[in-house]
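Please find below a short note on the model under review.

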Amino acid sequence: INLPRHPHRLEHVSRELSSAGVKFDTTKAIDGLELVEDDLSLNATRLGRWFMTPGMVGCFLSHRRCWERCVESGRPLLIFEDDVLLARDFSSRAADALEQLSAETDDWDVLLLGAMGCVHPEGRFGLNMAASLVGGRWRRRRRVSFSVRHDEPCLIHIPLCPYGMHAYVVSPKGASKLLARCPRASYHVDVVAWGYQDLEVYACHPLLARQTHNDTTIGGLHSRWQGLKLPSFTGDSYTGFEFGW
């Protein structure tokens, strides 16, 4: 997913994916700054129009566009945001994780390859716990399966309270659910989408992707107060969550 007015981000993610051997198509993101009042009334809730930045609305609708593509194709779709950073041997490890999950159950909706929030399978959440106490919805943590392939361990599990949509696989069934439950932008798309309890969300451990947290397009602290020297530190080394964002 990339905004055409951010070609440098497209250059970054193209290098990242090509280096990992990932074949990809670019989905043109919806630019929230170009939405007029009629667009917002049609595509965002009343509270969403009040509380969300234009970038948040555009991000929400851009992921909906990807879910529509998934349903149309009838095949699982791997979705990346354009600030993603991939782990070593991403392609083979991601394929192994998806194969491992599919062998365990055919009733999955989403597999998180990268995530923020309370997603460590052993409860090492760091400062993510603070955010999860005020947002998102908790699930019952559960280990699903463990295997070692190509000398790399992989645990598939149900995360407690995930955030982040920088790298995930969605099934056609999951995409259909998300389109039905997220018809209009109402808040951060990851908080809303991953919060639905009937959505079968799984994650892999270790995580295979992170975000750069630089040059945010949805309106975080980094973009709002660039002239100020805000404290910036990694609040959780596992997910790569940074306070300065």
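1. The structure is a predicted model. By class, the residues that line its second largest pocket comprise 18 nonpolar, five polar and six charged residues.

2. The space in the second largest pocket amounts to about 720 Å³. Its lining is made up of 29 residues, and those closest to the pocket centre are Lys23, Phe24, Leu77, Leu78 and Phe80.

3. Which elements give two or more residues to the lining of this pocket? They are helix H1 (7-19), helix H4 (54-73), strand S1 (77-80) and helix H5 (90-104). Helix H5 supplies the largest share of the lining, with five residues.

4. A separate point concerns strand S9, which spans residues 201-205. Is this strand mostly covered or mostly open to solvent by the burial criterion of under 20% relative accessible area? Strand S9 is mostly covered, as four of its five residues are buried.

5. Strand S9 pairs with strand S3 (residues 110-112), the two running parallel and joined by three bridges. Within this pairing, alanine 203 of S9 stands opposite leucine 112.

6. Strand S9 also pairs with strand S6 (residues 152-158), here in the antiparallel sense and again over three bridges. Histidine 205 in S9 is the bridge partner of leucine 155.

Conventions
Residues are numbered from 1 along each chain as its sequence is written. This is a predicted model: local features need pLDDT of at least 70, side-chain atom pairs count only at pLDDT 80 or more; totals for chains, interfaces and linings use all residues. Side-chain values use heavy atoms; hydrogens and water are left out. On a 1 Å grid over the protein atoms alone, a cavity is a set of points where a 1.4 Å probe fits but cannot get out, and a pocket is an open set with protein on both sides within 12 Å along at least five of seven lines; lining residues have an atom within 4 Å of a point. Grid points are joined across faces, edges and corners, and a volume is the space filled by probe spheres set on the points. Ala, Val, Leu, Ile, Met, Phe, Trp, Tyr, Cys and Pro count as nonpolar, Asp, Glu, Lys and Arg as charged, and the others, Gly among them, as polar. Buried means under 20% relative accessible area, exposed over 50%, partly exposed in between (1.4 Å probe, protein chains only). Two strands pair if DSSP finds at least two bridges between them.
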